[in-house]
Amino acid sequence: MSGGVAAPVRVPEQARGEVPLVGGGPRAVRRHSVRGQVLDALRTALVAGELRPGEVYSAPALGERFGVSATPVREAMQRLAVEGAVEVVPNRGFRVVVRTARELAELAEVRALIEVPVMLRLARTVPAARWAALRPFAEATGAAAARGDRAHYAETDRAFHREVLALAGNEQLLVIADDLHRRSQWPLLSAPVPRHADLVADAAEHSALLDALVAQDLPVVESLVREHFTGADG
């Protein structure tokens, strides 16, 4: 395995053990199944840049650090392969995919094609009181950004967008949009870590979007949604 791993990510007692990963403090893993716990930890490590693009990680080595067998790690990595985050390297393990700026731009374009029309329709039809109920989700992104916690910001950002799109009442839309959103959050190999100020500004766009949705200001809604997709972690 190449690409060493360092600072620990803590796993609950039922998973027995820790996985050292580069650059982060302890993070609790909350899912009940061991596979789910490992998958959550690996996704967090991807977003935080702790699993490095281009590096190969073996399931047995990661399993040893988690204190679990290689099987749940391999299953979690297979899921990440389906999502396009890693690729199988026969007899070695899994390589974190190296993405390009073009791929990121393409994801932003597809997200805009899907979400902008939905947001505009919701702006015309959803009562102001329903938007007010989403304020805590916007505030959660702001709190994560203020702490500079990129991994938690990614989680709260997806949660905010899911809650907004859920008002459309289309489950397939939620599945597709969330998958695209998650893919857009994986870091580029050569991209600098987003500045704290950029992350805070990105989070502030959630509250601004809610204000525009309440006001039914369609041009502002469209502009904010498009700009948000190309922001720090939007």
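Modeller: Before we start, strands are DSSP runs of at least two residues, numbered from the N terminus. The model we are looking at is predicted.

Biologist: Is Asn91 buried or exposed?

Modeller: The cut-off for exposed is over 50% relative accessible area. Asn91 has a value of 86%, so Asn91 is exposed.

Biologist: And how accessible is Gln216, buried, exposed or partly exposed?

Modeller: Gln216 also has a positive phi, near 55 degrees, without being glycine. This residue sits in the loop between helix H9 (196-215) and helix H10 (218-229). Buried means under 20% and exposed over 50%. With a relative accessible area of 44%, Gln216 is therefore partly exposed.

Biologist: Let's go inside. Which element gives the largest share of the largest nonpolar core?

Modeller: That core has 27 residues, and Trp131, Leu209 and Val221 have the most contacts inside it. Two or more residues each come from helix H4 (101-125), helix H7 (150-166), helix H8 (171-184), H9 and H10. The largest share is eight residues, and the element giving them is H4.

Biologist: Which residues does Trp131 contact, leaving aside neighbours within four places in sequence?

Modeller: Trp131 is among the residues with the most contacts inside the core. With those neighbours set aside, the contacts of Trp131 are Leu122, Ala123, Val126, Val164, Leu167, Leu210, Leu213 and Val214.

Definitions and conventions. Residues are numbered from 1 along each chain as its sequence is written. This is a predicted model: local features need pLDDT of at least 70, side-chain atom pairs count only at pLDDT 80 or more; totals for chains, interfaces and linings use all residues. Side-chain values use heavy atoms; hydrogens and water are left out. Buried means under 20% relative accessible area, exposed over 50%, partly exposed in between (1.4 Å probe, protein chains only). Helices (H or I, at least four residues) and strands (E, at least two) are DSSP runs, numbered from the N terminus. A nonpolar core is a set of buried Ala, Val, Leu, Ile, Met, Phe, Trp, Tyr and Cys residues joined through side-chain atoms within 4.5 Å. Contact means heavy atoms within 4.5 Å.
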